[in-house]
Amino acid sequence: MPALDRQDMPATAVPVGTAKAGRIRYLILAMLFVVTTINYADRSTLSIAGDSMQNDLHISSGELGVLFSAFSWSYLVAQLPGGWLLDRFGSKKVYGIAIFLWSVFTMLQGAIGFFAGAAVVLLFVLRFAVGFAEAPSFPGNSRIVAAWFPTKERGFASALFNSAQYFATVAFAPLMGWLVTAMGWEHVFTVIGGVGVVLALVWTKVIYAPRSHPRVSQGELDYISSGGALVDMDAPTAEQDMAAKQASSGKENLRHIGTLLKNRTTLGVFVGQYFINTITWFFLTWFPVYLVQERDMSILEAGFVASLPALCGFIGGVSGGWISDRIAQRGTSLTAARKIPIVTGLLLSTSIIICNYVSASWLVVLIMSLAFFGKGMGALGWAVMSDVAPKQIAGLAGGLFNTFGAVAGIVTPLVIGYILDATGSFDLALAFVSVCAALAVASYLVIVREIKRVELPGYEPATSATV
């Protein structure tokens, strides 16, 4: 008879003494953090280089908006196939290949200046290729965290890898701004892409499934397994492998997608991710351009100034995960533990609209920093997905979740680009972002009710060692 799923058991159910048995899971988390930092640095290269590229290659604001969105078109299309590949072949192999490919495609963007007549088309194709290659990244992060971390530590772990998107701006926006000024916009792509190629090689030496890791102790395995970690996710038995293949077949995938879309909890989380990602993509694409064109900063200044709100987003992201886990460990329901920082943070994000009514640059940066802190605090969607995704299709569920986010990555740059072409101002753009933050709050308060793991119809509830 299968054991009960332990994700909602109180923290006291996990033997406290075993918590000191090993810390290999934190090495795994550190690797996820570094990889996700590079992932978002690759995504933001165009936003830093964009103004100079507009001048050199004669790109309009509308065309730049299309280029910003190119990444998300393929990212959207590849989410479900990427999730399926993760479930079928495992996170280490699929994710490692993805890191290498997206880094090479990023490097190639530095050469489009040699094809000035076709630069826009070539850049669109390469940005499209980067998005396609990066599709397995966040579902892969979610699967690895679910495999390595017990429920009571999962909020912080998920928040930390998610917060790497803000740290990427802190770490790389000043560097990329300097590269544009000192060496030319081309080197933003070649340098950042080159770092990713090296990182792909490091990945193969660091990442393993829990039971396959050469340095993990039995004590740490017992600790994370008893706390709800899916330790056999990428190392199943022959019987479990057969079940996983059946669960990830084409016909079954369609049925499972329907189940997830009909479930109130998962649908609410998906919708919330769309609106949260609207805020993300404003900062990743148009925010540096906003500083240069609306606030009259130089590209170098914009690179440094953009890092300040990003630093606040990083602090907010780590704080949101830490707060969520602390609330859960005090005996509060998992639903309340996740929703409290999400709702509080996203309400703070709505403050971005105040920038329309102030003129001092330092005050704009302060307000943006507050809004980005709130966005970071409220961006616990991946922690929630680790809590609710069916064990048999964790990758597919993460891919569907990220599909909704990718739609925002397409819509947001396009909408803002056309707003700028139509009005010549960012006022309506900031109002658009603020409203989306409010709708994300509504999604978690109105649609999402109880946060608990979804069970697939026709499958027995799985143990922590079954996928």
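The model is predicted, so local features need pLDDT of at least 70 and side-chain atom pairs count only at pLDDT 80 or more, while totals for chains, interfaces and linings use all residues. Residues are numbered from 1 along each chain as its sequence is written, and side-chain values use heavy atoms, without hydrogens and water.

Helices are DSSP runs of H or I with at least four residues, numbered from the N terminus. Helix α3 covers residues 91-108. Its 18 residues should span 26 Å, taking 1.5 Å times one less than the number of residues. The end C-alpha atoms are 26 Å apart, which agrees.

Helix α7 covers residues 186-206. The axes of α3 and α7, lines fitted to C-alpha atoms over the stretch in contact, come within 7 Å and cross at roughly 160°. The two helices are therefore roughly antiparallel, a term for angles over 145 degrees.

Contact means heavy atoms within 4.5 Å. On the α3 side, the residues that meet α7 include Ser91, Tyr95, Ile99, Ser103 and Thr106. Their α7 partners include Phe189, Gly193, Val197, Ala200 and Trp203.

Threonine 106 lies in α3. Its relative accessible area is 0%, so threonine 106 is buried. Beyond its neighbours within four places in sequence, threonine 106 contacts Asp42, Val130, Phe189 and Gly193. Phe189 and Gly193 belong to α7.

Definitions and conventions: Axes are lines fitted to C-alpha atoms, for helices over the stretch in contact, and angles run from 0 to 180 degrees between N-to-C directions. Angles under 35 degrees count as roughly parallel, over 145 as roughly antiparallel, 65 to 115 as roughly perpendicular and the rest as oblique. Buried means under 20% relative accessible area, exposed over 50%, partly exposed in between (1.4 Å probe, protein chains only).
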